[in-house]
Amino acid sequence: NVSAGKLGWVAGGNDFQWCFSQVKGAIDEDVAEADIISTVEFNYSGELLATGDKGGRVVIFQHEQESKNRPHLRGEYNVYSTFQSHEPEFDYLKSLEIEEKINKIRWLPQQNAAHFLLSTNDKTIKLWKISERDKRAEGYNLKDEDGRLRDPFRITSLRVPVLMPMDLMVEASPRRIFANAHTYHINSISVNSDHETYLSADDLRINLWHLEITDRSFNIVDIKPANMEELTEVITAAECHPHQCNVFVYSSSKGTIRLCDMRAAALCDRHSKFFEEPEDPSSRSFFSEIISSISDVKFSHSGRYMMTRDYLSVKVWDLNMENRPVETYQVHEYLRSKLCSLYENDCIFDKFECCWNGSDSAIMTGSYNNFFRMFDRNTRRDITLEASRESSKPRATLKPRKVSTGGKRKKDEISVDSLDFNKKILHTAWHPKDNVIAVAATNNLYIFQDKLN
């Protein structure tokens, strides 16, 4: 594991810098809505990287081994399998269109040669099996090589079918379909550490499923009020603890996080822990409630911490301390003065995700103008990088970007007023072992890695 805990911008000895590795997707100016990437996820080993898009497709990339003649380059990710996971549907009872957009992908830990992943749109979760075939059976008794049935009376001898090599085929097949359990739109799925169950969350309810059982799930959280006019908050994200299969958390639009223990009760409406940072009355404004809504929650790999992303910041919480976060990182504080125009163009409702590196020492999240932010938890230093075609030459080092917040703009700085709010990085993923990151920028997937000198 090559310095998975360090980042290239930390001062000191043999540190590295982030450099461009690959970009996937078309360069067209006119981007088809269906091609916009809606989720990115590495599997447990980091060998596979899956993306889902608004057209209901899942594309899986596989890590190729380094070539001997170019040892300085890590292997690249190449397309391994592409399949249509979800199709658009129509709910005739409610006269509602159900989009095919993939909201989340979650890998299951690998148990055998095949890989399994869960993908979900707004209503239906599917378990997909991705397997390889490089042999086929030949020499059947009852049918010819072209598949036609033979006349049984003409068969004079029996032969044993044999397996013959063939070109490698990667097949994706739906093994389970978990449907009809969510009234509202699914925003999260999370595989439990027992590898047998998983939870799915929508705006008002969280369900617990067994991976083998599709016709029923247990409702473990229900915050729907008897009278919908009394509705004050919704569930925005939920995740299972990485080591304790009885513990999960869910975040709300009010900026709070509830930790629940399934050993305490079958219905976890009463939480075990309640994480909330008291609001500073001096900074209260019309937008306070909107920007405090949590868009993502992620446990650290160690299970000791969790990270939450709201509109302007990322917070790291110690599970043993509920009254305030142990770390707060400002993602784009310079937008605080722009909240009015961000409200008018609906950007204030964008849902940014966040992720940990393999050793929990650094965190990453996205911003506007195709910028993404990294924070080193040990040194408290941070950096802004950009996913753009301009710096997409092989092994080109990523230059840190700076935003000028007023006054005189320095060289190499970009003014707040010239940020492009249509270019946003909502989805990022960090390789579980190495310094390799995947960043989704509209319809393009950028892969960056550390520059090995």
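A: Let's start with arginine 377, whose charged end sits over the ring of tyrosine 305, 4.7 Å from the ring's centre. A charge counts as over a ring if NZ of Lys or CZ of Arg is within 6 Å of the ring centre and within 35 degrees of the ring normal. Lysine 143 likewise lies over the face of tyrosine 140, at 4.7 Å from the ring centre.

Please keep in mind that this is a predicted model, where local features need pLDDT of at least 70, side-chain atom pairs count only at pLDDT 80 or more, and totals for chains, interfaces and linings use all residues. Residues are numbered from 1 along each chain as its sequence is written, and side-chain values use heavy atoms, leaving out hydrogens and water.

Rings of Phe, Tyr and Trp (its six-membered ring) pair if their centres lie within 6.5 Å; planes under 30 degrees apart are stacked, over 60 edge-to-face and the rest tilted. Such pairs link Phe20, Phe372, Tyr446 and Phe448 into a cluster.

In one of them, arginine 176 meets glutamate 212 at 2.6 Å, N to O. Arginine 176 belongs to strand β11 (residues 162-178) and glutamate 212 to the loop between β14 (205-210) and β15 (218-222), so this pair ties together parts 36 residues apart in sequence. Helices (H or I, at least four residues) and strands (E, at least two) are DSSP runs, numbered from the N terminus. Arginine 176 is partly exposed at 25% relative accessibility, whereas glutamate 212 is exposed at 52%. Here buried means under 20% relative accessible area, exposed over 50%, and partly exposed in between (1.4 Å probe, protein chains only).

Arginine 205 and aspartate 222 form another salt bridge, at 3.2 Å, N to O. Arginine 205 is in strand β14 and aspartate 222 in strand β15, so the pair ties together parts 17 residues apart in sequence.

Aspartate 417 and lysine 338 meet at 2.7 Å, N to O, in a further salt bridge. This pair links distant parts of the chain, 79 residues apart: aspartate 417 is in the loop between β29 (413-415) and β30 (427-430), and lysine 338 in the loop between β23 (327-330) and α2. Finally, salt bridges with shared partners join Asp35, Asp53 and Arg57 into one network.

Conventions
A salt bridge is a side-chain nitrogen of Lys or Arg within 4 Å of a carboxyl oxygen of Asp or Glu.
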